Amino acid sequence: MSSYEAFHRRSIEDRDAFWTEQAMLVDWHRPFDRVCNYDNPPFARWFEGGQTNLCHNAVDRHLSVRGDQNALIFVSTETNAERVYSFRELHLEVQRMAAVLLAQGVKKGDRVLIYMPMIPEAAFAMLACARIGAIHCVVFGGFASHALASRIEDATPVAIVSADAGSRNGKVVPYKPLLDEAIRLSSHKPSSVVMVDRGLEPFVSLPGRDHDYTALREQHLNAQVPCEWLDATDISYTIYTSGTTGKPKGVQRDTGGYAVALAASMKHIFMGEPGETYFSTSDIGWVVGHSYIVYGPLIAGMATIMYEGLPVRPDAGIWWQLVEKYKVSVMFSAPTAVRVLKKHDAAYLQKYDLSSLKALFLAGEPLDEPTATWIADAIGVPIIDNYWQTESGWPILTIANGIEKKRSVFGSPGIPMYGYNVKLLHEATGEELTGADERGVVVVEGPTPPGFMQTVWKDDARFINTYWKSVPGKMVYSTFDWGIRDKNGYYFILGRTDDVINVAGHRLGTREIEESISSHPRIAEVAVVGVADALKGQVAMAFAVVKDAATLGDAAARLALEGEIMKRVDEQLGAVARPARVHFVSLLPKTRSGKMLRRAIQAVCEGRDPGDLTTMDDPSALQQIRDLLA
């Protein structure tokens, strides 16, 4: 295509022809009869009649061309372990794991829950499930028992694959006691638990239920397990959205549409080439880990790095050392991680040869301009923000430099990706906003593209009622995010539709205030929440982490910095956006995937119960806020 604009337009206006071309990026056992069945909105069924297999596309099809090239690179700075698997070796290990699962009675369509640290066996288990047609449900390792129990209850797995323990910052995190308690709490009892014993933490096995993976693997060293050819519309996996209250919401993904979406994104968005190396710093417990640690890079014939550890251990140069060592061409991380690195000497980032790196992609929460500028200056490669959700499976907004080179606009995740018919709707009337710089709710007009969620697992009504709304002549999927679009078509995400502060009748997005505060040179990170106020309805309350805590030695120093920040917000946004207070903390409350727990902060500020905190990484962060307010 002559331009990205034409490429995107064709994906919407000539949808079937466009996606037929993209489908040629994957192998099909049987060709599809129909590209998109949208006879029953909002349910889109992609590539009906076709048969394929995710594991075949990720592993088997590469054996003849690059069997001895790197496929899975495992690095743990927690246990000082490093192991590289070629595509041929990965193929053997996945078949062994598949044989183990089959011997435990797992069949096509059965669920297998995977509760694992970032170790190779976790990837083997995911790919083995895909190979035999089982539906995997990966739950973030270390989830508390109650949260894990609710997911076991909803997924009803035949088997669970787990490990004795994970490790974080040199501290062992036992998994087995949490898993045992979760199974005890759940009304559903899996018949088999396959345990990978890393030797980190002694554990007690339950006879008849628990099985040692190493012993089972020995029985299947020469296993030959063929791929089960699945209908394109068959379920590949479910994954539970973080931060849900009540019954967990299982996002259900298909097989064929997902394979095509990932293959296309690796080419058009991430510019990955076969034989190169991809490094996503996420975790397989989150959707980024599914799409861009395990499936996406392998489908593209790339090596993928699976990393267990922190970005600053043993020092803040570890990620960049891996980029140099394995000649990483594409890297994917989160703004949160960059803000952590921002507190350390930038020399760590300039110590290694990063010439192989084409771009650093960032996603997970909004990327503020100061952080983007800092990392761009520090590593000297293009920084590409992207915006998507567990529900979408791949980016909704970014730039597709594989089609046409476009500049990143710091503060904006980019423009709508091909296949996504993105609109801005007026909050009250539902009318489409077509002008520049008008704020509305970001929605995607149906049908959603390949790779998007099919439905909520076992709950079509919840899928419709949660995500979809009818507007004149169409159905739209709501992202629940505010956004604006500038005159050049770039979108800016302003925060959740429920993260808007109403200060004396003025509606303010917390995102805008956070951006202003984080532009102060001494601020590393900030969270802003709206807090109930008798006079103004709500006021903004800010909690900030400074780059150098030693500079806040006394109350006078804190007051002075708070005054500087207030002045900056006044100048950039006006006095109406000025926070009531700026409190300084050493860390902010986040989930283990790096998402800020703003609602929990707000609840503590208002003296309310913060609710379910099972996903919180470090409870002391919220306690620090409680102590400050007290």
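This is a predicted model: local features need pLDDT of at least 70, side-chain atom pairs count only at pLDDT 80 or more; totals for chains, interfaces and linings use all residues.
Helices (H or I, at least four residues) and strands (E, at least two) are DSSP runs, numbered from the N terminus.

Residues are numbered from 1 along each chain as its sequence is written, and side-chain values use heavy atoms, with hydrogens and water left out.

**Stop 1: the whole chain**

Show the protein chain as a cartoon. It holds 19 helices and 33 strands. Its radius of gyration is 24 Å, close to the 25 Å that the globule rule gives for 630 residues, so the chain is as compact as a globular protein of that length.

Now colour by burial. Buried means under 20% relative accessible area, exposed over 50%, and partly exposed in between, with a 1.4 Å probe and protein chains only. Buried residues make up 61% of the 630.

Contacts come next (heavy atoms within 4.5 Å). Take those between residues at least 6 apart in sequence: 70% of them join residues at least 24 apart.

**Stop 2: the cysteines**

A disulfide is a covalent bond between the sulfur atoms of two cysteines. Here the rule is a pair of cysteine sulfur atoms within 2.5 Å. How many disulfides does that give? The count is zero. The closest cysteine sulfur to that of Cys137 is in Cys129, 10 Å away, which is too far for a bond. Cys137 is buried, at 0% relative accessible area. Jump to Cys605: it counts as buried too, at 17%.

**Stop 3: the second largest pocket**

Two terms first. On a 1 Å grid over the protein atoms alone, a cavity is a set of points where a 1.4 Å probe fits but cannot get out; a pocket is an open set with protein on both sides within 12 Å along at least five of seven lines; lining residues have an atom within 4 Å of a point. Grid points are joined across faces, edges and corners, and a volume is the space filled by probe spheres set on the points.

Select Glu5, His8, Ile415, Pro416 and Gly489. Of the 17 lining residues, these lie nearest the centre of the second largest pocket. Helix H1 (4-13), strand E22 (415-416) and strand E23 (421-425) each give two or more residues to that lining. H1 has the largest share, four residues. The pocket holds about 460 Å³ of space.

**Stop 4: the largest cavity**

The model has five cavities of 30 Å³ or more. For the largest, select its lining, including Arg339, Glu365, Asp368, Arg511 and Arg598. About 120 Å³ of space lies inside. Helix H16 (510-518) and strand E31 (523-533) each supply at least two lining residues. H16 gives the most, with four.

**Stop 5: the second largest cavity**

Select Ala44, Thr448, Phe452, Met453 and Gln454. They lie nearest the centre of the second largest cavity, which is lined by 13 residues. Its volume is about 80 Å³. Finish on strand E2 (residues 43-48), which gives the most to this lining, with three residues.

Key: The radius of gyration is taken over C-alpha atoms; the globule rule is 2.2 Å times the number of residues to the power 0.38.
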